[in-house]
Amino acid sequence: MHQSTKHSSDIHDSAISDELVGMLVSGHRQVTRPALDRLWEYYRNELDFGAVDERRPYRASQEQGLPHRLTRGPGEAARLMESGSGRREIVIENDIAWRLHTLVDFMFGKPVSIQSLAGDSEKAAAIEQVLTAALDAAGGIGFLQDMALLGGVYGYVDLLLRVDTAAGKGLGSATGDASARNAPSKPIDVERAARLASLFMIETVEAPRAIPVLDPSDYRRLVGYVVHHTQTLNEVDQGTMLSRLVDRNGRRRGRLATVDVTEVWTPSEVRIYHDNTLIERRVNVLGRLPVVHIQNLPQPFFYEGLSEVEPLIPLQDELNTRLSDRANRVTLQSFKMYLGKGIEDFTERPISPGQMWMTDNVDASIEAFGGDAANPSEEAHISEIREAMDKASAVTPVAAGLLRNKVGNLTSANALRIVMMGLLAKTEKKRQTYGKGIEKVCELVLHALDVMGVLRTTAAERRVCLHWPSPLPEDEGQRLRDAEVKLRIGVPREQVLRELGYGCGDQ
């Protein structure tokens, strides 16, 4: 019993075999990836200019959710045109994308300031400067917005810290040995640490590329991490010998070469495969998984979080169906049609003001039908679908700047908060999940700098907190008056400046 004991990381590393990685990648490609792609298609609603008929030069992604009576194939549409039935109108209104963008704007529409909780003020200022450099190198607020967008679409997003980009720059040893960490502390070289941190790559790993390896006894704990994707190379695919024989002229195929890349991360090593062939194996100098998992919204007992897109897909399909039905009804009823009986050459005489017909047939008649008419049940149904999407997403048109009825009479911030209470509550909840993820990334960056011997910190000194700005418009004068009151009662000047949105370089 005692002789068989091993370090936990060694057990987990040995458990992630090539066979296990192959099964995880295969299952991800066949089961998980199609569902994730469907979420992106409904958010993006990309136009396909390929397999469509000549009467409509594109096909939207959300058309896949329409009933067959609206999405007949090009051949069926042509037969309907020849028979006089006409082509069905398709109306797609993407009510998912603008709601998701509004959530991102409320989350990261303004910069977020980072405050170090280190006890030493000099070290705290150095840590804040280093973390700011690392996040700016990752893309700044654009990086945060991309993170929130991908998390909202797929339900979760992962952040991977790559320190190999800083290797060979002469700024750190990257050995991570115990002797380097136990060496006497030196004065902090902030510029050197900031330059090294800016060389780190904080990569946003979207769900279609992420394959987590979870602890069998704890779904919240990662024991390994696999990143799998197809990479396009700057090479021309020559094709196989058979394909060259089929082409009599021996012309090259106009297709770029691709390779399936699989990265296996464990606390002790990193393995990289190209088309299932191991091409690189190196030591993980950090000694831990450099991965931070962020759930968009918490989902108990699941690694994945809750997506903003998934609950809106059935409602989006119903909305597009009813809008298409209304378009077909309007097309049919927006103009009057006439039924002429017993009148010679009726079809050759246009219906116009002053036009007259004459006939000796006493039974002749002209009957008008059609014309647009009110359909209150249809309008009520469409309105109820939109309201259901408002409740499911907690994003109302008011948040996007669309004012209706008496909403435009709001004159106080409290009244505006009541109207957007659901959106503000969801924003606060998401700030908790994404905020924890940002704090963990900052801690991971400081851990990497400590391992490289550039900025020595303890676990307690790596703790940070975030200061979020208000998502609602604010009176700048009132904010400044509140700041003066806080200064008079003893609130630290640095904290007041952070709440006002001023960083370390702006003071």
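The model is predicted. Helix 2 spans residues 18–44 and has a kink of about 45° at T32. The structure holds six aromatic pairs, and a search of the whole structure finds three cavities of 30 Å³ or more.

**Helix 2**

- The kink at T32 comes shortly before a proline, P34.
- Several residues of helix 2 are buried: V21, V25, H28, L36, L39, Y42 and Y43.
- An α-helix has 3.6 residues a turn, so residues three or four places apart point the same way.
- Just after helix 2 comes N45, with its positive phi.

**Aromatic rings**

- A pair of aromatic rings is described by the distance of the centres and the angle of the planes.
- For W40 and Y154, the ring centres are 6.2 Å apart and the planes lie at 15°. Planes under 30 degrees apart count as stacked, so W40 and Y154 form a stacked pair.
- W40 belongs to helix 2 and Y154 to helix 6 (residues 141–154), so this pair ties together parts that are 114 residues apart in sequence.
- W40 is partly exposed, because its relative accessibility is 29%. Y154 has 8% and counts as buried.
- Ring pairs also bring in Y43, making a cluster of W40, Y43 and Y154.
- Elsewhere, a charged residue meets a ring: R220 lies over the face of Y219, 5.8 Å from the ring centre.

**Positive phi angles**

- N45 is not a glycine, yet its phi is positive, at about 50°.
- N45 sits in the loop between helix 2 and strand 1 (47–48). Its relative accessible area is 14%, so N45 is buried.
- F301 also has a positive phi, near 70°, and is a residue other than glycine.
- The loop that holds F301 runs between strand 11 (291–295) and helix 10 (313–333). With a relative accessible area of 68%, F301 is exposed.

**The second largest cavity**

- Rolling a probe the size of a water molecule over the atoms shows where empty space is left.
- The second largest cavity holds about 60 Å³ of space.
- Its lining includes L161, R162, W265, R282, N284 and P290.
- Strand 4 (156–162) and strand 10 (277–283) are the elements that give two or more residues to this lining.
- What kinds of residues make up the lining of the second largest cavity? Eight are nonpolar, one is polar and three are charged.

Key:
Residues are numbered from 1 along each chain as its sequence is written. This is a predicted model: local features need pLDDT of at least 70, side-chain atom pairs count only at pLDDT 80 or more; totals for chains, interfaces and linings use all residues. Side-chain values use heavy atoms; hydrogens and water are left out. On a 1 Å grid over the protein atoms alone, a cavity is a set of points where a 1.4 Å probe fits but cannot get out, and a pocket is an open set with protein on both sides within 12 Å along at least five of seven lines; lining residues have an atom within 4 Å of a point. Grid points are joined across faces, edges and corners, and a volume is the space filled by probe spheres set on the points. Helices (H or I, at least four residues) and strands (E, at least two) are DSSP runs, numbered from the N terminus. Ala, Val, Leu, Ile, Met, Phe, Trp, Tyr, Cys and Pro count as nonpolar, Asp, Glu, Lys and Arg as charged, and the others, Gly among them, as polar. The bend at a residue is the angle between axes fitted to the seven residues ending there and the seven starting there. Buried means under 20% relative accessible area, exposed over 50%, partly exposed in between (1.4 Å probe, protein chains only). Rings of Phe, Tyr and Trp (its six-membered ring) pair if their centres lie within 6.5 Å; planes under 30 degrees apart count as stacked, over 60 as edge-to-face and the rest as tilted. A charge sits over a ring if NZ of Lys or CZ of Arg is within 6 Å of the ring centre and within 35 degrees of the ring normal.
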